[in-house]
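Please keep the picture in view while I talk.

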Amino acid sequence: MGYDGDARIKTRADLKRFLDYERKLYICEKRGDRWYQYLTKDSQVRIWHYQKRLRRSEYWFNNRHRSPLHYLIFLIAYRMKNNAGVKLGIGISENSVDIGLRIFHEGCIEINGFAKIGKNFKMHGRNCIGNRGDADTATIAPIIGDNVDFGVGASAVGGITIADDVIVGAGAVVVRSCETPGATLVGVPARPLEKNNQTHSVVR
């Protein structure tokens with residue numbers, strides 16, 4: 001569960017595979033719609049602009065030890081990613097999220113460098129995946145499975161694990177592990193939503 005180290009972008013083929021897959025999550029296939037997105041500087045184009053730079057920075061980061069030139073190019077790519085992220089309020093560390101990352105809204109999105117997140121991770125805005133904010137646990141961050149969906153304002157903190165296919169409702173703060181695939185977590189601190197309780201709804 002979570003980001004497989006072997007899935008990192010190590011080769012140009014890996015980089016192309018990530019970019020080809022993720023471009024379709026943001027950019028319309030139809031040419032007219034695609035031109036409209038770019039001409040109007042649609043938010044999805046701006047987010048994709050950042051995500052491309054994230055993936056390229058990951059590629060150069062994973063190859064930075066090959067030569068001084070590779071390391072220099074990594075620094076340039078890292079700076080370009082960070083510059084794009086500052087404009088959107090997005091900060092995602094290299095090698096923290098597997099293929100299929102989908103960000104629906106820009107602004108106040110942070111993913112700790114020690115977090116490990118699986119495939120097809122969705123964030124709806126104002127999300128934080130991080131440590132507990134103290135020196136003793138600075139390197140301990142969430143491990144999140146595949147196909148997990150974080151609603152607006154949802155966060156996960158500390159050395160917890162979240163199973164595959166979990167939905168974290170809007171505003172929920174996950175501080176305890178959830179080992180149940182397909183669960184829906186709501187509240188502060190987040191708890192599983194009872195399946196037989198139809199009176200609760202999850203706003204995403």
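Let me begin with the naming of elements: helices (H or I, at least four residues) and strands (E, at least two) are DSSP runs, and they are numbered from the N terminus. What you see is a predicted model, in which local features need pLDDT of at least 70 and side-chain atom pairs count only at pLDDT 80 or more, while totals for chains, interfaces and linings use all residues. Residues are numbered from 1 along each chain as its sequence is written, and side-chain values use heavy atoms, with hydrogens and water left out.

I start with helix α3, where we find Q44. Is Q44 buried or exposed? Buried means under 20% relative accessible area, exposed means over 50%, and partly exposed is in between, with a 1.4 Å probe and protein chains only; Q44 counts as buried because its relative accessibility is 11%. Contact here means heavy atoms within 4.5 Å, and, leaving aside neighbours within four places in sequence, Q44 is in contact with L25, Y26, Q37, R102, I103 and F104. S43 is also placed in helix α3, but S43 counts as partly exposed, because its relative accessibility is 26%. The C-alpha atoms of S43 and L88 are separated by 9.3 Å, although these residues are 45 apart along the chain.

A charge sits over a ring if NZ of Lys or CZ of Arg is within 6 Å of the ring centre and within 35 degrees of the ring normal. By that rule the charged end of R102 sits over the ring of Y26, 4.9 Å from its centre, and the charged end of R102 also sits over the ring of F104, 4.2 Å from its centre.

Next, the largest pocket. On a 1 Å grid over the protein atoms alone, a cavity is a set of points where a 1.4 Å probe fits but cannot get out, whereas a pocket is an open set with protein on both sides within 12 Å along at least five of seven lines, and lining residues have an atom within 4 Å of a point. Grid points are joined across faces, edges and corners, and a volume is the space filled by probe spheres set on the points. The largest pocket has a volume of about 250 Å³, and of the 13 residues that line it, the closest to its centre are K41, V45, R46, H49 and A84. The elements giving two or more residues to this lining are α3 (43-62) and α4 (68-88), with α3 giving the most, six residues. If Ala, Val, Leu, Ile, Met, Phe, Trp, Tyr, Cys and Pro count as nonpolar, Asp, Glu, Lys and Arg as charged, and the others, Gly among them, as polar, the lining of the largest pocket divides into six nonpolar, two polar and five charged residues.

Now to the aromatic pairs. Rings of Phe, Tyr and Trp (its six-membered ring) pair if their centres lie within 6.5 Å, and planes under 30 degrees apart count as stacked, over 60 as edge-to-face and the rest as tilted. By this rule the count comes to six aromatic pairs. F121 and F150 form one that is edge-to-face, at 5.3 Å centre to centre with 70° between the planes. This pair links distant parts of the chain, 29 residues apart, with F121 in the loop between β4 (116-117) and β5 (122-123) and F150 in strand β8 (residues 149-150). Both F121 and F150 are buried. Elsewhere, ring pairs link F61, Y71, F74 and Y78 into a cluster.

Strand β4 itself holds I117, which is buried, with a relative accessible area of 0%.

I finish with the backbone. Most residues other than glycine have a negative phi, and most peptide bonds are trans. N120, in the loop between β4 and β5, has a positive phi near 55°. D165, in the loop between β10 (161-162) and β11 (167-168), likewise has a positive phi, of about 65°. Finally, a cis peptide bond joins V188 and P189, with omega about -10°, and P189 is found in the loop between β13 (184-186) and β14 (191-192).
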